[in-house]
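This briefing turns to aromatic contacts, charges over rings and strand pairing. Please read it alongside the sequence and the coordinates.

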Amino acid sequence: QVQLVESGGGLVQAGGSLRLSCAASGIAVSVNAMGWYRQAPGKQREFVATISSDGTINYADSVKGRFSISRDNGKNTVYLQMNSLKPEDTAVYYCNRVTRSIAWGQGTQVTVSS
């Protein structure tokens, strides 16, 4: 019943942009702290950005100034706008609830070529 579906990934050149979407079902993104995470091959999953129910936003230092997290409560969707992409941003990107996580989904692959 509770489900998060990531989409919007793809292959882009360094310096390009992508917007990722996290469509939620069974939970309301308006009243849950939501976050984006990523996992590169051979590395642990890491925090990217979070947005709380009151709109408070936090970013990892590695993406600060380049990425922007937002939500559309009407669409029950969380977004991650990624600009000035770098090869080191290459990873599978996941979304999840922050306060009490649910099962990790498939994620969406982001590949940045140099």
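In this predicted model, ring pairs link Y37, Y94 and W104 into a cluster. The structure holds two aromatic pairs, and W104 takes part in the pair with Y37 as well as in the pair with Y94.

**The aromatic cluster**

- The ring centres of Y37 and W104 are 5.4 Å apart and the planes stand at 90°, an angle over the 60 degrees required, so this pair is classed as edge-to-face.
- Because Y37 belongs to strand β4 (residues 34-39) while W104 sits in the loop between β9 (91-97) and β10 (108-113), this contact ties together parts that are 67 residues apart in sequence.
- Y94 and W104 form an aromatic pair that is likewise edge-to-face, with 5.9 Å from centre to centre and 80° between the planes.
- Here Y94 lies in strand β9 and W104 in the loop between β9 and β10, so the parts that the pair ties together are 10 residues apart in sequence.

**Accessibility of the cluster residues**

- Y37 has a relative accessibility of 14% and therefore counts as buried, the cut-off for that class being under 20%.
- Y94, at 11% relative accessibility, also counts as buried.
- W104, by contrast, has a relative accessibility of 35% and counts as partly exposed.

**Charges over rings**

- R45 lies over the face of W104, at 3.9 Å from the ring centre, and W104 is also the residue that pairs with Y37 and with Y94.
- R19 lies over the face of another aromatic residue, Y79, where the distance from the ring centre is 4.2 Å.

- Strand β4, which carries Y37, pairs with strand β5 (residues 46-51) in the antiparallel sense over five bridges, and the bridge partner of Y37 in β5 is F47.
- β4 and β5 form a hairpin with six residues between them, and in its turn G42 has a positive phi of about 75°.
- β5 is in turn joined by three bridges to strand β6 (residues 57-59), the two strands running antiparallel, and the bridge partner of T50 in β6 is N58.
- β5 and β6 also form a hairpin, with five residues between the strands and with G55 in the turn, where the phi is positive at about 95°.

How values were computed
Residues are numbered from 1 along each chain as its sequence is written. This is a predicted model: local features need pLDDT of at least 70, side-chain atom pairs count only at pLDDT 80 or more; totals for chains, interfaces and linings use all residues. Side-chain values use heavy atoms; hydrogens and water are left out. Rings of Phe, Tyr and Trp (its six-membered ring) pair if their centres lie within 6.5 Å; planes under 30 degrees apart count as stacked, over 60 as edge-to-face and the rest as tilted. Helices (H or I, at least four residues) and strands (E, at least two) are DSSP runs, numbered from the N terminus. Buried means under 20% relative accessible area, exposed over 50%, partly exposed in between (1.4 Å probe, protein chains only). A charge sits over a ring if NZ of Lys or CZ of Arg is within 6 Å of the ring centre and within 35 degrees of the ring normal. Two strands pair if DSSP finds at least two bridges between them.
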